Amino acid sequence: MNTQLEYLLRMGDNCLVLSQQLAAWCGHGPALEEDLALTNVALDLLGQARMWLTLAGEEEGKGRDEDALAYFRDGNEFRNLLIVEQPNGHYGNTVARQFLFDAWHMHVLAGLSTSSDARIAEIAQKSVKEVRYHFERSAGLMVALGRGTPESHARMQAAVELLWPYANEWFESDAVDEACAASGVAPAAPSLAAPWRASVEAVLDRATLKMPSYIGHQRGGKRGVHTEHLGHLLTDLQFVQRTYPGAQW
Amino acid sequence: MNTQLEYLLRMGDNCLVLSQQLAAWCGHGPALEEDLALTNVALDLLGQARMWLTLAGEEEGKGRDEDALAYFRDGNEFRNLLIVEQPNGHYGNTVARQFLFDAWHMHVLAGLSTSSDARIAEIAQKSVKEVRYHFERSAGLMVALGRGTPESHARMQAAVELLWPYANEWFESDAVDEACAASGVAPAAPSLAAPWRASVEAVLDRATLKMPSYIGHQRGGKRGVHTEHLGHLLTDLQFVQRTYPGAQW
Amino acid sequence: SPQERAFQERINASIKVEPKDWMPEGYRKTLIRQISQHAHSEYVGMLPEANWISRAPTLQRKAILMAKVQDEAGHGLYLYSAVETLGVTRDDTYLDLLSGKAKYSSIFNYPTLTWADIGAIGWLVDGSAIVNQVPICRCSYGPYARAMVRVCKEESFHQRQGFEIMHTLSRGTAAQKAMAQDALNRWWWPSIAMHGPADDQSVNSAQSMAWKIKSQTNDALRQKFIDQTVPQAEFLGLTIPDPDLKWNEERGHYDYGPIDWEDFFNVVRGKGPCNQERLAARNKAWNEGAWFREAMQAYADQQEQTEELKAA
Amino acid sequence: SPQERAFQERINASIKVEPKDWMPEGYRKTLIRQISQHAHSEYVGMLPEANWISRAPTLQRKAILMAKVQDEAGHGLYLYSAVETLGVTRDDTYLDLLSGKAKYSSIFNYPTLTWADIGAIGWLVDGSAIVNQVPICRCSYGPYARAMVRVCKEESFHQRQGFEIMHTLSRGTAAQKAMAQDALNRWWWPSIAMHGPADDQSVNSAQSMAWKIKSQTNDALRQKFIDQTVPQAEFLGLTIPDPDLKWNEERGHYDYGPIDWEDFFNVVRGKGPCNQERLAARNKAWNEGAWFREAMQAYADQQEQTEELKAA
């Protein structure tokens, strides 16, 4: 197994799947400003997905480009974390998912910025700037919605609890994570737990939201065992390419 | 243009698309008995779709079977009426869509039962028995929900009004309809308007629901110009076949 | 008590207990718990398979799958009716499911990720269920025993259909074979956990056996399922994901590796991959269907009043 | 009145009208109607294109499409702001859209059925819009004119991207070419109806011209669009679905066939393919977002109070 390839697919698929989910809000958000801002995040993530997947294709060396990887893999070949494929739900669910992910994404990219692989470091350095802003934005929304009204508070607390089971997978080190950490390609997965908790706790605190006290138990995305949501997301994503194979677009 | 082939695709695609929509309720209906009953209707329609599409494939003579026609045509090649691709909505929307369609379906199949084409007559004779029962069931639900509670009455009235614009396409005769009527293959499309109105009006009356007074203006499905819903329905329907072309299942 | 002794004697004589017969409270409670869990399992069990109806790869497979899920709805109905004969309303039974108080078979807390999962569920999950359920056809409580006769007949039909899907995949393309193997890998251990905890950890079994609610131990049922399934996997050319699995000439059975009971109990306690979603789906259907059920009830009441007026 | 004369003289002298300037009520109302219709068109116009974001055929096309729809949201924002300078709140303006009272461009009541529709919208719909909008960059009302400068710049970028999609399809497989032609067939007539009713049926035009809100007639704009688009279609190898279309040497313009104005007005009056759905989508987003907007407002109010406390 090419562990570096696996790692790149994980980074790229996280961005691709989450971007696809956010884009579903485009034109349907709760306010025009939100439509603009969330689409910005979706665009950033799509751009990052393209960089990671392009590099993954190079690493693999079989001539697959970003589109071959995005459009011609079935669900079990996707390596994204389960949290990014969880349904959009109401806007508060989307915000909470984004916040929990941004916090991890920011810390992992900071780590990858000093990767022993210069190509990875370069993508991470570019991405981390965008993702720091994503985190600032989603954290701001968490605080506003946590404190806004009793209804918004209740919705956000429920959203955090709904997603919490998925918010540990990224700290669980497997063979891929260990190999990449050993070679200095990536930060050790568990090393991100403390900074993530600190970032998340500070914001939830300001948002007057309770941080769940248990450890998330959902896992599988990193080895291609997903939830039922991913398959449905891919039917839309891949439809045109699958329906007209071999065409240029 | 092979008008008989076109006509067969229309019949088959109506059944296929509506069955696919009803099946989405399977396991998610408002009561276990409804899950059972609606899945029965979906199964009947799927069975009818298979007969029509198989015959369409024979009529075409290019070796396409029911699956080739169901899984390897894009939206613009589908010939179903727009009403069957309208979203499920809440259960009342699904019931109203079914009722308006069943009433037409019952009358068109009765007409097709005496088709000059023996193969068509045979399928229609078999189908019309099922569809008479579908109509009885959906009419019964219309009456119960129209009279049940103020909320259910309001929902059903809104559902009828939402769908009414789509409930005239089937009476508008085009070249295909005319050719099939001329050769005695099918009843003349406009000839079904009076019996349909009579059937629908009697039930809406008992249901204490108002029959809209205008004529529906939505059209296009019969010539492959659909609403935006069909494309999304097909992404799911065709995913496995498109993803693994050439495999046997 | 003499009543209890008489009850036990009738049981021993294989006379069926019927709804109007006297029965010990423990017997009634055990049955209510077991039958309602079984009913909930059928109802929740519709969800993972329904997830693939829209994507079934041929129209014939789609029809078969729809009919199968519909059968499960039917099984749910018989079983909820059987619970009602014990004096609990169907709505009360169902509300216990919705609140998370009642359990259902943990197997339905796993996701269906590929079409092969539909094959694996039929082959393994229904196969395992049949092994559990066939003895219940002879259970002492009449309505349950009779419901199970019908359920088992349909289940064995489903089991053959599932095997047939696996058979087609295993003779198919490389991708299809891989899909079949992957499904077996994910469903094997949950399927053999379906027979319940090992005998030395199982509670209530002795009393259930005496009452003829249960007639074989969990481990015996599990062994039976494994013994019948291993040759089927071999026939398919698929590998069961248990390195310890091998024929034991002496026992006349297959030996198998240790089951991860911690994982099993985690899923039972709500930490499976899909517990949240299954319950959420059931609650959503129930809540969004409230207006419909209320209207149907209101209409039925109106009809009844009209009938009464006519009669008066 | 002398005020009105002075106003008209400043207009004639090409001095921009600014929000704080006095203006005739008719001028204000005309602008409010026109700019808010334009704002609504941008906002509703996001929907048909957003329908293809999830299915865009390459990641690059997906990114371009997302950025485009986002630009439209941006245009909506500038234009709602421009309306606000005329003394109407954005929410009031928007509620008129949601209730169906206010109109938006009828072109967005047609569905996007294939990927080629995304190309056709960029090429034809944006192309048509630019022809309408370029003159507005010189309109007499300052905020509107300035917003339009920015809008037009982005629109012409979108128009090129749309053309590029059509170009790729028209060089592609037979299925792709057919898809491109089908999109042209469906979007051509609605696109040339976008310039509005023929001059002899158009109301209010003379006053709008005098006020320099409008500077060219509908038919002149339409002719300009047709003249620039026909050679582009020829370059693509696609056939414009108008048998009467041909170059008129004498006029130095393309002649074109009669537009089906009955169909056009039907769509304006709510009977287009997607009127119901577009309004339903806008209302759904608004209603489901109510809790969010309320919470954001409540939080902003809390912050303001805290600031005031600190200041006190």
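Predicted model: local features only at pLDDT ≥ 70, side-chain atom pairs only at ≥ 80, totals over all residues.
Take the meeting of chain C and chain B to begin with. Here 46 residues of chain C are in contact with 48 residues of chain B. Put together, the two chains bury about 4000 Å² between them, and carbon and sulfur atoms account for 69% of that area. On the chain C side, the residues that lose the most area to chain B are Leu59(C), Gln70(C) and Trp291(C), which together make up 20% of what that side buries.

Charged pairing between chain C and chain B comes down to 1 salt bridge. Arg90(C) and Glu33(B) form a salt bridge, with their closest N and O atoms 2.6 Å apart. Polar contacts are also found, with 17 residue pairs across the interface of chain C and chain B, both partners being at pLDDT 80 or more. As for the elements involved, those of chain C that give two or more residues to the side touching chain B are helix H2 (25–50), helix H3 (59–84), helix H6 (142–170), helix H7 (174–193), helix H11 (275–288) and helix H12 (290–311). H3(C) gives the most to that side of chain C, namely 14 residues. Sorted by class, the residues on the side of chain C that touches chain B come out as 28 nonpolar, 11 polar and 7 charged.

Next comes the meeting of chain D and chain A. Chain D brings 46 residues to this contact and chain A brings 48 residues. About 4000 Å² is buried between chain D and chain A, 69% of it on carbon and sulfur atoms.

The interface of chain D and chain A holds 1 salt bridge. Its partners are Arg90(D) and Glu33(A), whose side chains meet at 2.7 Å, N to O. Between chain D and chain A there are 17 residue pairs in polar contact, both at pLDDT 80 or more. Helices H2 (25–50), H3 (59–84), H6 (142–170), H7 (174–193), H11 (275–288) and H12 (290–311) of chain D are the elements that give two or more residues to the side touching chain A. Of these, H3(D) supplies the largest share, with 14 residues. That side of chain D divides into 28 nonpolar, 11 polar and 7 charged residues.

The structure holds 6 cavities of 30 Å³ or more, and the largest cavity contains about 240 Å³ of space. It is lined by 22 residues, and the closest to its centre are Asp74(B), Gly75(B), Asn76(B), Leu113(D) and Thr114(D). Elements giving two or more residues to this lining are helix H10 (228–243) of chain A, helix H10 (228–243) of chain B and H7 of chain D. By class, the lining of the largest cavity is made of 9 nonpolar, 8 polar and 5 charged residues.

Finally, a search of the whole structure turns up 52 salt bridges over all chains. One of them joins the side chains of Arg10(A) and Asp177(A), at 3.4 Å from N to O. Arg10(A) sits in helix H1 (residues 3–23) of chain A and Asp177(A) in helix H8 (residues 175–182) of chain A, so this pair ties together parts that are 167 residues apart in sequence.

Conventions:
Residues numbered from 1 in each chain as written. Chains lettered and ligands numbered in written order. Heavy atoms only, no water. Contact = heavy atoms within 4.5 Å. Buried area = accessible area lost by both parts, 1.4 Å probe. Salt bridge = Lys/Arg side-chain N within 4 Å of Asp/Glu carboxyl O. Polar contact = N/O pair within 3.5 Å; in protein donor to acceptor, adjacent residues only side chain to side chain. Helix = DSSP H or I, 4+ residues; strand = E, 2+ residues; numbered from the N terminus. Nonpolar A, V, L, I, M, F, W, Y, C, P; charged D, E, K, R; others polar. 1 Å grid on protein atoms, 1.4 Å probe; cavity = no way out; pocket = protein on both sides within 12 Å on 5 of 7 lines; lining within 4 Å. Points joined across faces, edges and corners; volume = space filled by probe spheres on them.
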